[in-house]
Amino acid sequence: MPSGASIVVYAGLLIGLAYGVVGLLSGFCLLSGLRGYWAEGDGRLIRSFALALAVAIVSTQVLAGYGAIDLGKSVYLLPSFSAPLMFVGGLLFGYGMVLANGCGSRALVLLGRGNLRSFVVVIVLGIAAQMTLRGLRVVLLQASLTKPALLSLPALLTTFAGSETLARMLATLVLCAALIIFAFAHVPFRRAWGQIAAGIAVGLLVTAGWFATGYLGADDFNPAAVTSLTFIAPIADTVQYAMLSTGLTLNFGIAMVAGVFAGSLVTALVTRRFYFEGYTSPRHMLRSIGGAALMGSGGAMALGCSVGEGLTGLSTLALASFVAVAGILSGSAAGLRGALRVRSLVAAQDV
């Protein structure tokens with residue numbers, strides 16, 4: 001009978017495979033959604049992201065409410081965090097995402113389709129994240145660490161509602177209702193069945209990750225890290241594992257990263273979407289490298305990316321995740337609009 005650790009690894013691989021398929025077929029991506037919503041007048045992708053978030057929140061909170069998983073064991077609900085570091089990290093990640101023309105998860109998906117630019121993004125992101133996680137973040141965290149009295153939105157609402165269960169229900173219902181209304185108020189989105197399906201699927205994959213690591217991987221003797229879909233630390237771990245596999249062990253994140261690439265690759269080959277792409281100029285490559293470095297370092301500071309904080313982190317209703325996402329959106333807005341706007345060198349859907 002397989003151990004809890006091996007079950008978590010297999011689950012990570014399967015969840016990654018599913019995300020790779022969905023990501024390639026639907027174009028699921030926060031940056032593409034924001035660009036379409038703010039610049040091109042097409043709000044379908046951002047509404048798909050909103051639907052994914054609504055599904056992730058409600059299903060994750062149901063699991064937590066029934067005691068199937070303990071979200072308090074995740075990095076998002078640690079007893080202390082640095083709000084300035086989370087925001088600045090999100091800010092750097094958001095702007096780097098625009099520079100690189102895609103986040104880490106999108107880079108993995110496009111790499112499976114033959115996009116060689118994405119290979120550079122993944123490698124640089126992984127190295128920058130590993131350097132920051134082991135060095136700069138530790139120093140900055142020690143200088144700005146705080147222990148807030150309230151760690152999550154339900155905890156905040158408990159001061160008014162009186163009951164943690166009631167506060168959890170209120171927070172979940174209000175947020176999910178707002179997100180669903182935002183998504184389905186848009187007529188073109190209501191007709192985009194593929195985007196609706198993608199949003200639901202990604203939201204459920206977030207919850208599947210929580211269930212796999214928090215329930216199936218629950219082992220008093222060899223517990224797995226309680227986590228779900230996130231790509232900064234897992235990409236960093238995957239790069240390190242590729243170099244030092246004999247000295248490391250597989251985990252959920254590494255298996256998930258491999259699954260995303262494999263799922264995208266197989267889908268691209270089956271649907272005949274596979275073709276090689278490269279850089280158009282040295283300037284294009286330099287900007288992509290800079291964006292990947294910002295994403296790696298910023299994502300490490302913020303403990304997540306557009307998926308890791310924007311979906312997985314927010315599904316826990318952690319206040320730190322709201323701070324990080326505010327930074328990601330601010331950085332993305334700076335890159336897409338205003339004086340610091342990054343002019344596109346390639347097609348909007350590609351890294």
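Q: Does Tyr-37 count as buried, partly exposed or exposed, and which class is it?
A: In this predicted model, the relative accessibility of Tyr-37 is 38%. Because buried means under 20% and exposed means over 50%, Tyr-37 counts as partly exposed.

Q: How many aromatic pairs are there, and what is the geometry of the pair Tyr-37 and Phe-182?
A: The count of aromatic pairs comes to 7. For Tyr-37 and Phe-182, the ring centres lie 5.9 Å apart and the planes stand at 85°. Since planes over 60 degrees apart fall in that class, the pair of Tyr-37 and Phe-182 is edge-to-face.

Q: Which helices does the pair of Tyr-37 and Phe-182 link, and how many residues apart are the two?
A: Tyr-37 belongs to helix α2 (residues 30–40), whereas Phe-182 belongs to helix α8 (residues 164–184). The pair therefore links distant parts of the chain, and the separation is 145 residues.

Q: Which residue has its charged end over the ring of Phe-182?
A: Phe-182 is partly exposed, at 28% relative accessibility. Over its ring, 4.4 Å from the centre, sits the charged end of Arg-47.

Q: Where is Ile-127 found, and what is the accessible area of the nonpolar surface patch that it forms with Phe-119, Ile-123 and Met-131?
A: Ile-127 is found in helix α6 (residues 116–144), and its relative accessible area of 43% makes it partly exposed. As patches are made of residues with over 30% relative accessible area, Ile-127 passes that cut-off at 43%. Together with Phe-119, Ile-123 and Met-131, it forms a patch whose accessible area is about 390 Å².

Technical notes: Residues numbered from 1 in each chain as written. Predicted model: local features only at pLDDT ≥ 70, side-chain atom pairs only at ≥ 80, totals over all residues. Heavy atoms only, no water. Patch = residues over 30% accessible without salt bridge, like charges linked within 9 Å, V, L, I, M, F, W, Y side chains within 5 Å. Areas by Shrake-Rupley, 256 points an atom, 1.4 Å probe, with all protein chains shown as cover. Salt bridge = Lys/Arg side-chain N within 4 Å of Asp/Glu carboxyl O. Helix = DSSP H or I, 4+ residues; strand = E, 2+ residues; numbered from the N terminus. Buried < 20%, exposed > 50% of the residue type's maximum accessible area, 1.4 Å probe, protein only. Phe/Tyr/Trp six-rings, centres within 6.5 Å; stacked < 30°, edge-to-face > 60°. Lys NZ or Arg CZ within 6 Å of the ring centre and 35° of its normal.
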